[in-house]
Amino acid sequence: MLRASLQVKFSVSYIAVIVAVLVLMNSYPIIVSENLVFRSKETTMKSSVSVMATALTGLAELNEENVATAMTVAEESGVSRILVTDDAGRVLYDSRETDSAQGRYAFYTEIVQALHGNDAFSVAYADDAFQSRCSSPVIYRSQTIGAVYAYEYDTEQAALLRNLQSTLLRISGGVLIFVVLISILLSRVLTRRFGVLAGTIRRMREGDYGGRANVGGHDEIADIAAEFNSLADRLQSTEEVRRRFVADASHELKTPLAGIRLLADSILQTETMDGDTLREFVGDIGLESERLSRITEDLLRLTRLDSGAVEGAERVAVAPAVARAVHMLRLVAQERGVALSAHVEREGTVLATADEMHQIVYNLTENGIKYNHSGGFVRVTLSGDDRTVVLAVEDNGIGIPDGDLPRIFDRFYRVDKMRSRAYGGTGLGLSIVSDTVRRRGGTVEAAQREGGGSVFTVRLPRAAEEGGAQT
Ligand code: ADP
């Protein structure tokens, strides 16, 4: 549809312009040359007739004899017919021999005008010939005593004009055929490129994200194709991330579900299960379902972050969030023999929600405790400058190998799956931290800590003081 209509539009507009030019090219020169011939006829005819009239002027009276004598002198060779009449319009002389009008009355318009004392001239192009008529009175002592009339039937000039006309027509025909072909060709090339683009877009809509539009050229269509291709690149990578995420998520959900099923089957199939084992199995089922709800909770949180539904930001003080997380994790740290401490070097306020700040501090601190040795430490420090609030969580735990650092914030990425699972990890904690921080205009980075362990640094823009200054 697109191809047909665009192609037709392009072709029709090219052809319309050319047809207009051709019509002009065919009519203008013909009209001009016709006018030129008319004008030249007028001059030559008028001068011939006036020569003849002058030759008769000396005669006091016109009769067949004296007119015939005068005309043998003045007769003009180029003219087809000459008539001389007396003052009553009776023909005294006719240059045409066959079917001569001599002796008869001739009342051609031009002769009548001449007998009234006026010169007359008319010319017309008809029957493939220029037909010119010219007349002049013969005056003797201010009296019109007769009229001279000349008629010319010129096929020679007419043939020249016809020749010009047919040459122009032939040229126009050639040009028209050429233009029609070129316009069809050009519009086809143009619309073919649109077609390539439309085809690629259609395939992409149908789910083939690998296709790219290759239209060639360096014009606007090429620009559109390039824009489209880079859009396709983005879509493809987003789509890949989404697919991987869905696959990983289902895998993560399947594991605890399989565990629950296995435990339930064991309970059902073992007829005489002692109370302790039963309690242990049911306890395990409880743990697995806890894991399931943690994963779904994290997934929901990430989906909310993905959908771009940013909750309204408010001014949140970071120090209380640090105090709260440290307070909540104190017992866990104690249990694992890890020393947990918080240091506020400079209090900071950021634009976020209290829950987001809690998530960030809590996830990082909990990781510091989880991936640690007994006797290790986790230190949470709040600092920063006038523009940035810096939250650093460092530990001297097991650390993260160099090769894993770049992927540590990926969804479900875990350096040691078993260890993560053993501590109830979902592999989503750091993704939530990094997505939240980015959403609030900050950055987070993970690094190895000098002397062992790791350090996570979150930087968020400092919120302006209500009065304008920053805290
Ligand atoms: P998890 O639920 O597995 O803790 P996270 O997204 O919080 O998921 O962390 C991803 C992985 O990064 C963890 O499985 C762990 O291997 C590694 N990791 C995170 N924090 C630390 C840390 N402080 N020290 C060492 N490894 C860590």
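Thr381 lies in strand 9, which spans residues 377-384. The model is predicted, and local features were considered at pLDDT of at least 70, side-chain atom pairs at pLDDT 80 or more, while totals for chains, interfaces and linings use all residues. Residues are numbered from 1 along each chain as its sequence is written, and side-chain values rest on heavy atoms, with hydrogens and water left out. Helices (H or I, at least four residues) and strands (E, at least two) are DSSP runs numbered from the N terminus.

Thr381 counts as buried because its relative accessibility is 11%. Here, buried means under 20% relative accessible area, exposed means over 50%, and partly exposed covers what lies in between, with a 1.4 Å probe and protein chains only. Apart from residues up to four places away in sequence, Thr381 touches His343, Glu345, Val390, Leu391 and Ala392. A contact is defined by heavy atoms within 4.5 Å.

The protein as a whole contains ten helices and twelve strands. Its radius of gyration is 54 Å, whereas a compact globule of 471 residues would have a value near 23 Å. This radius is taken over C-alpha atoms, and the globule rule is 2.2 Å times the number of residues to the power 0.38. Along the principal axes, the C-alpha atoms fill a box of roughly 160 × 65 × 35 Å.

Of the 471 residues, 38% count as buried. Among the contacts with a separation of 6 or more, 65% join residues 24 or more positions apart.

The domain assignment gives domain 1 (2-161), domain 2 (220-303) and domain 3 (312-461). These bounds come from an automatic or database domain assignment. The C-alpha centres of domain 2 and domain 3 lie 24 Å apart. Twelve residues from domain 2 and 14 residues from domain 3 take part in the contact.

Arg291 is found in helix 6, residues 275-306. Arg291 is classed as buried because its relative accessible area is 7%. Beyond its neighbours within four places in sequence, Arg291 is in contact with Glu252, Pro256, Arg421 and Gly425.

Leu83 belongs to strand 1, residues 81-86. With a relative accessibility of 1%, Leu83 is counted as buried. When residues up to four places away in sequence are not counted, Leu83 touches Val91, Tyr93, Asp94, Ala106, Tyr108, Ile111, Ala147, Val148 and Tyr149. One of these partners, Ile111, is 28 residues from Leu83 along the chain, and the two C-alpha atoms are separated by 9.2 Å.

For Asp128 the angle is about 60°, and for Arg141 it is about 50°. Asp128 is in the loop between strand 3 (120-126) and strand 4 (129-140). Arg141 occupies the loop between strand 4 and strand 5 (143-154). Asp128 is partly exposed, with a relative accessible area of 42%, whereas Arg141 is exposed, with a value of 69%.

Leu164 is found in helix 4, residues 156-205. Leu164 counts as partly exposed because its relative accessibility is 35%. Leaving aside neighbours within four places in sequence, the contacts of Leu164 are with Ile30 and Ser33. Leu164 and Gly308 are 144 residues apart along the chain, and their C-alpha atoms are separated by 75 Å.

Pro320 lies in helix 7, residues 318-335. At 48% relative accessibility, Pro320 counts as partly exposed. From Pro320 to Asn214 the separation is 106 residues in sequence and 56 Å in space, C-alpha to C-alpha.
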